[in-house]
Structures are given as structure tokens and as C-alpha cells.
Amino acid sequence: MIKRHPAWPSVLCVLVLGLAVEAGAQSKGVSVIRAADMKPHMAFLGAKEFRGRSAPSAELDIAAKYIALEAATIGLQPLMPDGSFFQQLPVEVTTLSATRSHIRVSGPAGELTLHFPQAFTSSVRTPAEWSATGGLIFAGTALSGAQPAWNDAEGDLRGKFVVVLERPTAAGAAQAGSAPAARTRLLREKGAVGLVTVISAEREKALAGNGLGFDLAERLRFLDVDTVNPAPPSPPGESASAAAPAPFPMVEVRHAAAAAMLGMSLEELTRWFDAGRRGQVVAPHVYPGTSLNVAVAFDQHRRTTPNVVAWLPGSDPRLREEYVVIGSHHDHNPPREGRVFPGADDNISGCAGMLAIAKAMMVERPKRSVIFVWHTAEERGLVGAYYFVQHSPVPVEKISANLNLDMISRNDPNAIYLIGSNKLSSELDASFHEMSRGVKLTLDYKYEDPGEPNRFFFRSDQYPYIRYGIPGVWVFCGTTPDYHTEGDVEEKADYGKMEKVVRLTYLVAMDVGNKSAPLKLDLHPEVKTRGAHNMKVVWQRPRQ
Ligand SMILES: [Zn+2]
């Protein structure tokens, strides 16, 4: 929680203001950037009620609308040709069909049909529609271990679905639907038809406690956008990988469904799980006369998800036709089996920082125009940023630079990571150095190398701009143990740090926006001019 300042005596107030003005000698706007203005945006958009603002979702649409309204209130103008703040990205959404997917169990006790998402789900996404039929065998606990004793699966698996119990992972929640390739290979070799995993007691409890079925497990295809990276040169003598085998039918089932399928009570199933937890072996069971028919089909529909795009005309009538783009992303990740990921640092911190910069620019703006883009679908592969540069409402060769704020509210209060600032233009990095002096932030280059193991260079929205030959930088506080978890909440933000980072970004935007010419491209021999032709430049190092 942020600490409120007591009312300052007026003499101190003059001192503090004096310091602030000195900190941003070039700009009167810098002292307008205050933590107190960013906190409400963080508290609202970073709340769990937004359910992770995944792209596309109704919650993200609401977040986008809020940002656009705030931008308009501050005084930014819409930039899209239709007079709106929204650049809508078309996306094709594929989900498991609730009406055309089923598991049909036929046995001595009669026939039973299980439905998605209440009773089962499947992670097998190709082909678009599949079905399989076979007998049923419970493989015993041997097959569910971390290091299964494969030879224990000695029953005749030919023509059968193999039922196993899932073990929870260390984190207490298993990765939905993942089965090690070694397991499926072995089951296939032994002639099995498919794999039925009974979800762990922990997952069952989480779903039951939240009154949920399985997630809809959307698969997305964004349209009219190219995010493909050129392949790095492959080492000599390495041939293309052999064609992958057809996917192995796999489903996950809830406990009630499993008990019904295996003709046992829930209590008996619980005893099996308990025995497995104690390291005891549950013997394999065969179910003569029982057969399973699994059918999985997919439904497709079109949706849209918005970039929010606003601008502030530059103060110079000639340079107004050139631009600085300040960006962030407002999307995060969808809930998983009842767990919600608020994404306050990632990345409402950047979104709120942009609104603070916009407000400061109402006090003093640069000669060039400034475009503010709150990108969608960053978490889906930087899609919103790719879409923006590929459908830019202004000529991309007129964009001097891109400053990307993504995660700026955590970790070392006096340091910030820069990624990308020294890749295309020496002037961009020089500007950060000069401006950081007044803000008392240390610039840290630990993550700037594309070959750094975390590969952060490729992992946020400055990258599509860089691929377009636009000098871009990611201003980044680094990850925390809360990264992409339920723990990334507003209460953990360091607003003092945010204020400094946002002031620095504002000062750099002013500096870049006021230069006599767009940032010169002087660092990469292949990138001479801005534009789509640079997409062919290989930024990836060949893997070792
Ligand atoms: Zn992010």
C-alpha cells in the first residue's frame, strides 16, 4: 500500500518543487507526473474483477474503453480514420464444442454420456475433429508417477483406452492436459487407443469449490497480421525434422465422470488417490465388456480485440507530421480453472504510466506529435504491436522511436532495465543516459542482449517496432515471483519507482520529440530506413 504524505510545510513545498523542476530541466511537465494519479488506474484495471483481461474478452474491452475515456478526458485525440480510439484486430476463436464433443461409455451397466466442459476436456487440438473407440483398462498407479515404471503397465493395452490418475505438480496444480511424449510413445507402441487422465484431487477440489467445469481452452488465430520470425540459419548438415506422428487421443476427466466410467464409487476413487499419495501401488484393473467412444469437435467464431490509439499533435507545424510512439499493453492472461491473474505490474503499471505522460504533455508537449498505443494481445505473441506497425494510421517511416512501458512498478527502487535502446540508434540510448541523471535512476543493461537466456529482447512490444526498423526500447523492472500468477496485485506496486520511471520516459519522449531530425539509424548495418522491408532481418542468434 502506498503511504500518504502528510501535508508539507510551505517552505518545504517550495524546496521540493524546486528540486522537481531541476530534475527535469528541459520540461515543466515532469512535476505533473505523480504517483497519486497512477494509483487509481492501477487499483481499478489491476483488480481481479477484470479476470486477467485476456485478449479477446469482454473484460479487456471494458479496460480499453476506460483507457480511451481517460485519454479523452486528459485531452488526447482519437487517431483512427473512423474517428475512434479503437483499432480493432480480427481474431478467429476456436473452442471445443460443447454440443459435438462427448465421451460415450458402454458397459454391463448400460450406456452413459459425458459432456464437455462439465465432465471432461481434451488438449488434443488437431485434427479439427477426431474420434476414437476402444476398450478400457486402468493401468494402476505405475503410469501416473513422475518416473513411471513403464514395465508395470504389462496388461494387454491393445485396442484400449488407458486410464491413469494424475499426480499434482509441485505447484499443486497440474498443467492441463500435458502428457510426456515418452508416455504417449510407449502407450502407442503397446497398441493403446488413447489416454484418459483422472485429474488430481487438488484440481478436482478447485473446480468443485468454484462450481466450475473445465476451461473453454480457446485457440486463437489473429488475422491480417504477420508475426513470423525468419528462421535463423541452421547448422550445416541438419535436416528438417521428420513428419510428426498423428496426435494421440487424450482426455482429462473429473472424478464423478471417472467413477461412473470405472463403475466405482467416489469414495473408492478417493482411496486410490490416497494410496498413490502414500506411494502404494494400485493394481491394474481390466473392464471386459466396457467400451469408450471419444469424440472431440471444435466450434469457430470471429471476434475482435482493440488496440487503443490516441495522439497529441506536436507543437511545431513542420515536425507535427513526424511521431514518437509511446506504448504499453493492456491485456494479460485468461483465468485457469478458477485462478485469476490480475496482471497489475504486467501491465497496468505501463498503461497508467502512459496516462501520466499524456497529462504531463498537456503542460509541455514536444515539437513532434506523440502517438499513445495501448496494445492488445501482447501476451498472445506481441500481436497488437505487430498489427499496429502493419496497419499504422500514420506512415511508419515517420515514426522516430517507440518507447515501451511493460512492467515498471517492482524490484530495485533506484534502477531500471533498458532493452533494445542500443540496437538501432545510438541517439536513443544517449537520450536515456542524459535524462536519467535528473531522475536518479540507474540504467541496467543486464537483459539487453538478444542472446541473454531469458530472451527478453523478443518478449515485449518494442520488438515488432524494432523489426520495422523503428528504434525501440523496453523500459522494464524485471520479473518477480508474482510474474503471471495470482500474486501480481496492485498492493505490491512501488509507486515511488513508477513515478521515477514514468518521469524518465516522459523526458526521453520530450527529448526525442524535440530533436531536429528523427533518430538516425546508425547501429545495425542491415537497417538503413524504417519500414516493413526490415522484417527479413534476423535478430535471433542460432541456438547453440
Ligand atoms: Zn507484459
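How many aromatic pairs does the structure hold? There are 16 aromatic pairs in this predicted model. One of them joins Phe 44 and Phe 50, whose rings lie 5.1 Å apart, centre to centre. With 85 degrees between the planes, the pair is edge-to-face. Phe 44 has a relative accessible area of 39% and is partly exposed, whereas Phe 50, at 7%, is buried.

Elsewhere, ring pairs join Tyr 417, Tyr 447, Phe 456, Trp 474 and Phe 476 into a cluster. A ring may also meet a charge: the charged end of Arg 219 sits over the ring of Phe 298, at 5.6 Å from the ring centre.

The largest nonpolar core contains 99 residues. Which residues have the most contacts inside that core? They are Met 361, Ile 371, Phe 372, Trp 374 and Phe 432. If we set aside neighbours within four places in sequence, Phe 432 is in contact with Leu 403, Leu 418, Leu 443, Val 473, Val 475, Leu 504 and Val 508.

Next, the metal site. The zinc ion is coordinated by NE2 of His 329, by an OD atom of Asp 346 and by two OD entries from Asp 406, at 2.0 to 2.7 Å. Along the sequence, these donor residues follow the spacing H-x16-D-x59-D. Why is the site called irregular? Its 4 donor atoms make angles of 52 to 148 degrees, and a tetrahedral site would need all angles between 85 and 135 degrees.

Finally, a word on confidence. The protein chain averages a pLDDT of 88, and 87% of the residues score at least 70. Over residues 144-152, pLDDT stays under 50, and the model has 15 contacts beyond four places in sequence for them. Residues 169-178 also stay under 50, with 13 such contacts.

Thank you for your attention.

Methods:
Residues numbered from 1 in each chain as written. Predicted model: local features only at pLDDT ≥ 70, side-chain atom pairs only at ≥ 80, totals over all residues. Heavy atoms only, no water. Phe/Tyr/Trp six-rings, centres within 6.5 Å; stacked < 30°, edge-to-face > 60°. Buried < 20%, exposed > 50% of the residue type's maximum accessible area, 1.4 Å probe, protein only. Lys NZ or Arg CZ within 6 Å of the ring centre and 35° of its normal. pLDDT = per-residue confidence, 0-100. Contact = heavy atoms within 4.5 Å. Core = buried A, V, L, I, M, F, W, Y, C linked by side-chain atoms within 4.5 Å. Donors = N, O, S within 2.8 Å, 3.2 Å for Na, K, Ca; no water. Tetrahedral: all angles 85-135°; square planar, octahedral: opposite > 155°, others 65-115°.
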